[in-house]
Amino acid sequence: MKDSIIKGIKLIGVLCIGFVLFGACSPQASEKRFVSVTGRSSISKSPDQVSISFSVFSKDRDLSAAKKKNDAAILKLKEFFEKYKIEQKNISIERVNINPRSRYRDNGDEYFDGYEVVQNIAVLITKIEDYEVFLTELLNTGVDRIYNVGFSVADMRKLMDEARVEAVKAAEEKALLLCKAAPNGGKPLSLGKIISISEKPTAMYNYDNYVAQNMKQAADYEAAGGNFSPMGQIEVSAEISVVFELE
């Protein structure tokens with residue numbers, strides 16, 4: 001009985017060794033080869049909307065009077081927005097901020113200078129052709145504190161997806177080129193299945209390039225004797241890394 005058990009163990013050991021050797025020699029267990037490439041693409045498009053952020057400011061030594069001035073300015077702005085048919089969802093009005101202000105006389109004495117009432121407002125213009133006239137009329141309403149003007153593309157996701165698709169194509173073209181260029185002992189290489197795809201996070205648009213393009217466009221228009229539009233071009237970029245198996 002004991003001899004039978006020992007013989008059985010030896011037999012299992014031999015089978016295991018044979019399995020390991022067979023697996024090591026099997027073509028399926030040979031080391032796979034890969035090529036890793038990165039594709040990049042950029043797409044430029046003229047902006048089709050613009051956001052303008054500004055403040056409505058009023059001041060008076062009497063708090064009630066300062067608040068009334070601010071309310072009147074807001075009411076005037078609402079009528080102004082209706083003129084341009086700006087939807088309510090594209091208007092953002094923050095809570096009013098009321099701050100008492102003090103000043104100093106030449107002799108160093110501090111005195112109360114009144115209440116400042118400030119309300120921040122942001123508006124999105126979806127008709128880009130209205131931008132310049134809108135901004136001019138906005139200033140004529142009495143608004144004198146514009147702190148941000150930003151151009152953008154409404155369907156930024158679609159534009160970004162287009163850039164991603166082009167980046168993947170660029171990656172595959174680069175991989176094919178590398179396969180063709182590699183000597184590989186005279187044996188041609190070809191791409192197999194895709195092992196992985198990853199995207200490097202990038203900004204939604206390249207602002208520095210946007211400014212550079214805008215300046216170049218200004219120079220081109222000036223050289224041609226034409227009128228320059230301040231809207232320029234917005235660039236969206238994508239960077240995709242792809243790993244292919246080699247055959």
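Q: Buried means under 20% relative accessible area, and exposed means over 50%. In this predicted model, which of the two, buried or exposed, does Asn90 count as?
A: Asn90 sits in the loop that links α2 and β3. Its relative accessibility is 14%. Because that value falls under the 20% cut-off, Asn90 counts as buried.

Q: Which residues does Asn90 touch, leaving out those up to four places away in sequence?
A: Asn90 belongs to the loop between α2 and β3. Once residues up to four places away in sequence are set aside, the ones Asn90 touches are Ala122, Val123, Leu124 and Thr126.

Q: Lys85 is also worth a look: does this residue count as buried or exposed?
A: Lys85 lies in the loop between α2 (63-83) and β3 (91-93). Just after α2, Lys85 takes a positive phi of about 55 degrees. With 71% relative accessibility, and so over the 50% cut-off, Lys85 counts as exposed.

Q: How far apart in space are Lys85 and Ile125, C-alpha to C-alpha?
A: Along the sequence, 40 residues separate Lys85 from Ile125. In space, their C-alpha to C-alpha distance is 9.5 Å.

Q: Let's step back to the whole chain: how many helices and strands does it have?
A: The protein chain is made of 247 residues, and 29% of them count as buried. Read along the sequence, its elements follow the pattern α-β-β-α-β-β-β-α-β-α-β-α-β. The totals are five helices and eight strands.

Q: What distance does α2 reach from its first C-alpha to its last?
A: Helix α2 has 21 residues, and at 1.5 Å a residue the expected span is 30 Å. The reach in the model is close to that, at 31 Å.

Q: Where around the axis of α2 do its buried residues lie?
A: The buried residues of α2 are Ala66, Asn70, Ile74, Leu77, Phe80 and Phe81. They cover an arc of only 115 degrees around the axis, and therefore lie on the same side of α2.

Q: Which exposed residues are carried by the face of α2 turned away from its buried side?
A: The buried residues of α2 pack against β2, β3, β5 and α3. The face turned away from that buried side carries the exposed residues Lys68, Leu75, Glu79, Glu82 and Lys83.

Q: Which residue of β5 is the bridge partner of Asn97?
A: Strands β4 (residues 97-104) and β5 run antiparallel and are joined by eight bridges. Their hairpin has five residues between the strands, and Gly108 takes a positive phi near 95 degrees there. In β5, the bridge partner of Asn97 is Val118.

Conventions: Residues numbered from 1 in each chain as written. Predicted model: local features only at pLDDT ≥ 70, side-chain atom pairs only at ≥ 80, totals over all residues. Heavy atoms only, no water. Helix = DSSP H or I, 4+ residues; strand = E, 2+ residues; numbered from the N terminus. Buried < 20%, exposed > 50% of the residue type's maximum accessible area, 1.4 Å probe, protein only. Pairing = 2+ DSSP bridges. Expected span 1.5 Å × (residues − 1). Arc of directions from axis to C-beta. Contact = heavy atoms within 4.5 Å.
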